[in-house]
Amino acid sequence: MTMRADVRIETERLILRPTQAEDFKGWAEMMADPETARFIGGVQPAAQAWRGMMTMAGAWHLTGVAMFSVIEKATGRWVGRLGPWTPLGWPGTEVGWGLHRAAWGKGYATEGAAAAMDYAFDVLGWNEVIHCIDPENTPSARVAERLGSRMIGPVTMPPPFEHMPVNAWGQSREEWAKNRLSVTRPPAGRP
């Protein structure tokens, strides 16, 4: 499978699309912020963030599966990346999220992840989705719960993250068909 140039998902407030070169400024800011980067690989200097962004763009082109860039409709700003992700050695077919601090507390993670889960099940044909979440990352665990995912248990990540504590949360295609109807945008001030 290779990337379709026309992949674009719109939600009420977001546009999800493949990574583009213009996303780098926001991506580098997100990865330079210690609190934002804490659970998504840690702080990275701009050169390392660039390589990470290029990895995502390359995955789109070579496999057709990678996280989307998240664009806020109201402003046109890049506010994060989320969506399907299956690197070599990953513990499952993941829909993950990482948002710029400016996008926190607006419900974008839940809104975008729900759309990405629809894409993973309906377009990619996945049978299950997991979310790899550090046990200390309670905001992401709350997003997983709002999506209807349940905590499955600890998983081992591939190198260089094999020593990080990570729990898998997830659900099957059948569970999502039931849970999708109850996923709503959280109130203001929630992830």
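This is a predicted model: local features need pLDDT of at least 70, side-chain atom pairs count only at pLDDT 80 or more; totals for chains, interfaces and linings use all residues.
Me: How much space lies in the largest pocket, and which residues lie nearest its centre?

Reply: Rolling a probe the size of a water molecule over the atoms shows where empty space is left. Here a pocket is an open set of points, on a 1 Å grid over the protein atoms alone, where a 1.4 Å probe fits, with protein on both sides within 12 Å along at least five of seven lines, and lining residues have an atom within 4 Å of a point. The largest pocket holds about 1,300 Å³, a volume being the space filled by probe spheres set on the points, which are joined across faces, edges and corners. Its lining has 50 residues, with Phe-39, Ile-40, Gly-41, Arg-81 and Trp-97 nearest the centre.

Me: How does the lining of the largest pocket divide by class?

Reply: There are 28 nonpolar, 14 polar and eight charged residues, where Ala, Val, Leu, Ile, Met, Phe, Trp, Tyr, Cys and Pro count as nonpolar, Asp, Glu, Lys and Arg as charged, and the others, Gly among them, as polar. The second largest pocket, at about 190 Å³, is lined by 13 residues, including Gly-26 and Trp-78, and its lining divides into four nonpolar, three polar and six charged.

Me: At what angle do the axes of H1 and H3 cross?

Reply: Helices are DSSP runs (H or I, at least four residues), numbered from the N terminus, and axes are lines fitted to C-alpha atoms over the stretch in contact, with angles from 0 to 180 degrees between N-to-C directions. The axes of H1 and H3 come within 9 Å and cross at roughly 120°. The two helices are therefore oblique to each other, since angles under 35 degrees count as roughly parallel, over 145 as roughly antiparallel, 65 to 115 as roughly perpendicular and the rest as oblique. The contact (heavy atoms within 4.5 Å) includes Trp-27 and Met-31 of H1 and Trp-50 and Met-53 of H3.

Me: Which peptide bond is cis?

Reply: Most peptide bonds are trans. The bond from Pro-159 to Pro-160 is cis, with omega near 10°, and Pro-160 is found in the loop between S7 and S8.

Notes:
Residues are numbered from 1 along each chain as its sequence is written. Side-chain values use heavy atoms; hydrogens and water are left out.
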